Amino acid sequence: MKIKRSDFPKEFIFGTATSAYQIEGAAFEDGKEPSIWDIFSHEKGNVKNMENSDVACDHYYRFEEDVELMSQLGLDAYRFSISWPRVLNKNGKKNQKGIDFYNRLVDKLLEKNIIPFITLYHWDLPYYLYEKGGWVNDDIALYFRDYAAMMFELLGDRVKHWITLNEPWCSAFLGYYMGIHAPGHKDINEALKAAHNLLRAHGYAVGVFREIVKDGKVGITNVVMKVEPANEVEEDYQMAVLVDEFINGWFHDPVVFGKYPENAKGVFGKLGIRTYDNDLDIISVPIDFFGVNYYTRQLVTYDPDEPFMYKIVPGNLPKTEMGWEVYPSGLYDMLKKLYIRYRLPLYITENGMAGPDKLEGGLVKDTYRIDYLMKHFEMALKAINDGIDLRGYFIWSLMDNFEWAEGYSKRFGIIYVDYSTQKRYFKDSALWLKDFLNS
Ligand SMILES: N#[N+]C[C@@H]1[C@@H](O)[C@H](O)[C@@H](O)[C@@H]2O[C@H]12
């Protein structure tokens, strides 16, 4: 049975999501200072084909055209991030040209009746703060608080939906343990420290938000994975519980319960890895919603030879260009799990797929993405009909963009970007979405 927009509650919002470093370009223009990703992407070996976001989708100069495209699709909302080093320089001074860009973007969105959702931090830490220790320097939480307060003051009169951090798990573990994201460190102790300081930063920002944007809503967006045992055996079930805590619980529990998940904390302790208990009262100040970035599941199996006694097992379901299994039921399962455990309103702040998109005659026949989105829309509707307080769904992504270590090799957009000309093309999925939103 084909679902329609009208099957969803009237107030439910459909949008698309992007992030500053992935689309803006103008990486060193109009007073913007470097971020850790500007430096990391220019260092050999970090990004496929040595690609970077110096230009990206040139959104800094083309934002009016891009908002017009969103309006043509009939989107209700648009989630984007602020580039911290574009608005605040190393002397703690505002960069007015950078601030003006976001003012104009917000005003353009409102003019087109598109609700802005702003993410304060989507991985592009100012490089000068990294030089002061970055996320492993406890002071970073106060720098973030001051940056957040400035943005709340500047845009809070028009923007009422804010997300403090995007996927702190990635910032901490891909950036400080696995080394595949900026700043490229490989130190589990640094990763745990960074994780804690990211959560402290979140808590301090929520505190000032309550003083500045009294009629606004604030939350945090986490990567959410459905973790399952690779084999129906006790030890794999135990590993699934542990990995669920490592990935999902580690950034949800402290924010709501003011404490880290016990099993994972115990494993870190046994391995001599320090965990932290300071400022848990600040970390757990009440928030208004959780943002859920859902893409796929993770199959795990017990392996005593691995540092954390488990390894990831590739599944046998159809996969996207990222090698991620297409697993729509995992979205429903995780929405249900999060809502039962934390009782907070939810937004799907990212869901989408990288596809083998080819531009031919001005068209991109991405029927696979239409199928993917429809199946995940169905799971969102099932969750709503089962009483879960799900309030919105943002497709990742509005347009093809810089996919971090994958460079431009992975296309997640519903709009195709020809990077050689910067021309935008609606993919079939965009045209399908436009019809769906009017259905
Ligand atoms: N990879 N991948 C796609 C997508 C990435 O482009 C976003 O920036 C992240 O928030 C999240 O990882 C998801």
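Guide: A polar side-chain atom of Asn166 sits 2.9 Å from an oxygen atom of the ligand, a polar contact in the sense of a pair of N or O atoms within 3.5 Å (within protein, one must be able to donate a hydrogen and the other to accept it, and residues adjacent in sequence count only if both atoms are side-chain atoms). His122 also brings a side-chain N or O atom to 2.8 Å from a ligand oxygen, and for Trp396 the distance from a side-chain N or O atom to an oxygen of the ligand is 3.2 Å. On its own the ligand has 320 Å² of accessible area, and the protein covers 94% of that; areas come from the Shrake-Rupley method with a 1.4 Å probe, and for residues only the protein chains shown count as cover. There are 14 residues around the ligand, and Gln22, His122, Glu350, Glu403 and Trp404 come nearest, where "around" asks for a heavy atom within 4 Å.

Before going on, a word on the ground rules: this is a predicted model, with local features needing pLDDT of at least 70 and side-chain atom pairs pLDDT 80 or more, while totals for chains, interfaces and linings use all residues. Residues are numbered from 1 along each chain as its sequence is written, and side-chain values use heavy atoms, leaving out hydrogens and water.

Back to Trp396: its peptide bond to Ser397 is cis, with omega near 15°. Ser397 belongs to the loop between β9 (390-396) and β10 (415-418); helices (H or I, at least four residues) and strands (E, at least two) are DSSP runs numbered from the N terminus. Another cis peptide bond runs from Ala182 to Pro183, with omega near 5°, and Pro183 is in the loop between α8 (168-176) and α9 (188-212). You'll find Met50 in the loop between α2 (36-42) and α3 (59-73).
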